[in-house]
Amino acid sequence: MGKFEDRLVLWNQLRTDNQSNDLETALLAINDWWQLLPLDSHYLHWDDIDNWPDPWDLLADGIFSSTSKSLGIVYTLHLINRPEINDLQFAQTKEGDNLVLVNQGKYILNWAPGEMLNTSTAQKIQITQMMNASVVTKKLD
């Protein structure tokens, strides 16, 4: 997924495919798509959220840190507009992992490819910061 145009087409297909899949299948597919992008060093910082890119700029920039992957997951989930997704939160762990909590943490994304955590499997995760995703998704409304 080297070129912006390729990423844009594939991201559109990801959103289209996962509007009708069952929720857990859709969440895992979206998680995995973003996890497969190459991981770069820090690109976005929590203290600079007002300057975070919209999804098209994020894909065009092509720099995918843990934070930008969580942002991409949030944008994707927001844009597929599924009524059973009713709460999105960014979370940062003590170890510096950037996660996406869906539906009050029932599902936790951006941990690893092929892996979706939930409240019962995430007992050992120590979250140090949380932020409602609406601070960035409001750009899309």
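Leucine L14 is found in helix α1, where helices are DSSP runs of H or I with at least four residues, strands are E runs of at least two, and both are numbered from the N terminus. The structure is a predicted model, in which local features need pLDDT of at least 70, side-chain atom pairs count only at pLDDT 80 or more, and totals for chains, interfaces and linings use all residues. Residues are numbered from 1 along each chain as its sequence is written, and side-chain values use heavy atoms, with hydrogens and water left out.

L14 counts as buried because its relative accessibility is 7%; buried means under 20% relative accessible area, exposed over 50%, and partly exposed in between, with a 1.4 Å probe and protein chains only. Not counting residues up to four places away in sequence, L14 touches A29, I30, W33, W34 and T76, contact being defined as heavy atoms within 4.5 Å. The C-alpha atoms of L14 and W33 are separated by 7.9 Å, while the two residues are 19 apart along the chain.

Two packed helices are described by the angle between their axes and the distance between the axes. Here an axis is a line fitted to C-alpha atoms, for helices over the stretch in contact, and angles run from 0 to 180 degrees between N-to-C directions.

Helix α1 covers residues 4–17 and helix α2 covers residues 23–35; their axes come within 11 Å and cross at roughly 165°. The two helices are therefore roughly antiparallel to each other, given that angles under 35 degrees count as roughly parallel, over 145 as roughly antiparallel, 65 to 115 as roughly perpendicular and the rest as oblique. By class, the contact has seven nonpolar, no polar and one charged residues. In this classification Ala, Val, Leu, Ile, Met, Phe, Trp, Tyr, Cys and Pro are nonpolar, Asp, Glu, Lys and Arg are charged, and the others, Gly among them, are polar.

Helix α1 also packs against helix α4 (residues 66–80), at an angle of about 50° and with the axes 9 Å apart. These helices are therefore oblique to each other, and α1 passes α4 in a right-handed crossing. W11, L14 and R15 in α1 meet T76, L79 and I80 in α4. The residues of this contact divide into four nonpolar, one polar and one charged.

Helices α2 and α4 are in contact as well. Their axes come within 9 Å and cross at roughly 145°, and the crossing is right-handed. From α2, the residues L27, I30, N31, W34 and Q35 meet K69, G72, I73, T76, L77 and I80 of α4. This contact divides into six nonpolar, four polar and one charged residues.

The next feature is a pair of charged side chains. The structure holds one salt bridge, a term for a side-chain nitrogen of Lys or Arg within 4 Å of a carboxyl oxygen of Asp or Glu. The side chains of R82 and E84 form this bridge, at 2.5 Å from N to O. R82 counts as buried at 9% relative accessibility, whereas E84 counts as partly exposed at 31%.

Attention now turns to the strands. T93 lies in strand β1 (residues 88–93) and is buried, with a relative accessible area of 3%. Leaving aside neighbours within four places in sequence, T93 is in contact with L99, I125, Q126, I127 and T128.

D97 is found in the loop between β1 and β2 and counts as partly exposed at 28% relative accessibility. With neighbours within four places in sequence left aside, D97 contacts S66, A91, Q92 and W111.

The loop between β2 (98–102) and β3 (107–112) contains N103, and Q104 is found in that loop too. Most residues other than glycine have a negative phi. Phi of N103, however, is near 55°, a positive value, and Q104 has a positive phi of about 60°. N103 is buried, with a relative accessible area of 11%, whereas Q104 counts as exposed at 57% relative accessibility.

Note on methods: A crossing is left-handed if the near helix is turned anticlockwise from the far one by less than a right angle, and right-handed if clockwise.
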